[in-house]
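Here is a briefing on side-chain contacts. Look at the rings and the charges.

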Amino acid sequence: MPFRTALLNLAITFMLLLVVVLVGIAMRGKQPKAVQAVKIPVAGVPGQTKPDEGGVPKPPIEKFQILPAPVLVESAANEADTLRIRYGNEEYVFVLYFVDALETTMDHPQRVAEQGRWFGGVPDKAINEVGKDAAKYVTDLLKERHFNVLTRWERVPNTVRYYAVIKVEQPEGPVYLADLLVRRGFARVGGLRTELPDDRRDQPTYMAELKALDEKARQTKSGIWAMASSIPGISKSKDR
């Protein structure tokens with residue numbers, strides 16, 4: 001083969017390879033980028049809420065909405081009256097109306113000290129220890145028993161947490177979780193109040209029943225009352 005013909009063939013081959021490479025690069029640039037996984041919206045922690053945590057807060061509604069088949073999300077941040085709940089594909093943190101449960105940590109020392117005074121001079125360490133017992137009781141209870149969350153999506157101030165009542169199935173029928181906590185000496189009557197959803201009792205009647213449960217817990221020294229060194233007076237609890 002003449003040298004000139006061989007050189008021409010080599011040049012043609014090189015050009016064809018170059019075209020193939022350029023076409024490959026162009027096609028790669030047109031491929032769609034991988035879609036990032038969508039993060040499940042969750043409710044934030046007071047003072048630590050991030051812009052991407054929880055999305056747009058839900059607006060409050062007039063009547064209570066029942067969240068059927070909710071699932072408790074076990075979290076170190078849960079307390080007996082503050083619970084992370086999964087509903088559908090989203091997670092929310094709900095705070096109970098009517099009660100203020102024992103703190104599990106010293107993250108809020110003033111609140112712990114206030115609870116200690118309320119329960120008759122109980123030391124901070126005991127408040128936290130029984131608070132952890134209360135949180136475990138609620139975790140075990142909601143894992144074993146059917147429960148419903150009822151909320152009007154009323155927000156806890158400066159947070160993306162929401163107030164709610166929780167009804168737990170018991171042998172005698174559905175019982176408010178707030179009742180169970182007060183009865184066992186795991187919480188004091190306080191916090192934000194509301195009219196009960198689909199309940200024959202009005203707010204004053206229900207409050208009187210809660211206070212009766214509280215008095216019985218004192219007399220039987222249930223829960224934290226077993227550690228009280230005196231009978232405290234009644235003081236007003238701050239809203240959570």
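Both Tyr176 and Tyr206 are buried (under 20% relative accessible area; exposed is over 50%, partly exposed in between, with a 1.4 Å probe and protein chains only). This is a predicted model: local features need pLDDT of at least 70, side-chain atom pairs count only at pLDDT 80 or more, and totals for chains, interfaces and linings use all residues. Residues are numbered from 1 along each chain as its sequence is written, and side-chain values use heavy atoms, leaving out hydrogens and water.

**Aromatic rings**
- The whole structure holds 13 aromatic pairs; rings of Phe, Tyr and Trp (its six-membered ring) pair if their centres lie within 6.5 Å, and planes under 30 degrees apart count as stacked, over 60 as edge-to-face and the rest as tilted.
- Tyr176 and Tyr206 pair edge-to-face, with 5.6 Å between centres and 65 degrees between planes.
- Phe64, Tyr97, Phe98, Tyr163, Tyr176 and Tyr206 form one aromatic cluster.

**Salt bridges**
- A search finds 12 salt bridges, each a side-chain nitrogen of Lys or Arg within 4 Å of a carboxyl oxygen of Asp or Glu.
- Glu114 and Arg188 meet in one of them, at 3.4 Å from N to O.
- Glu114 and Arg188 are both buried.
- Lys136 bridges to Asp140, with the closest N and O atoms 2.7 Å apart.
- Lys136 is exposed, at 52% relative accessible area, whereas Asp140 is partly exposed, at 28%.
- Arg201 bridges to Glu209, with the closest N and O atoms 2.6 Å apart.
- Arg201 is buried, at 14%, and Glu209 is partly exposed, at 33%.
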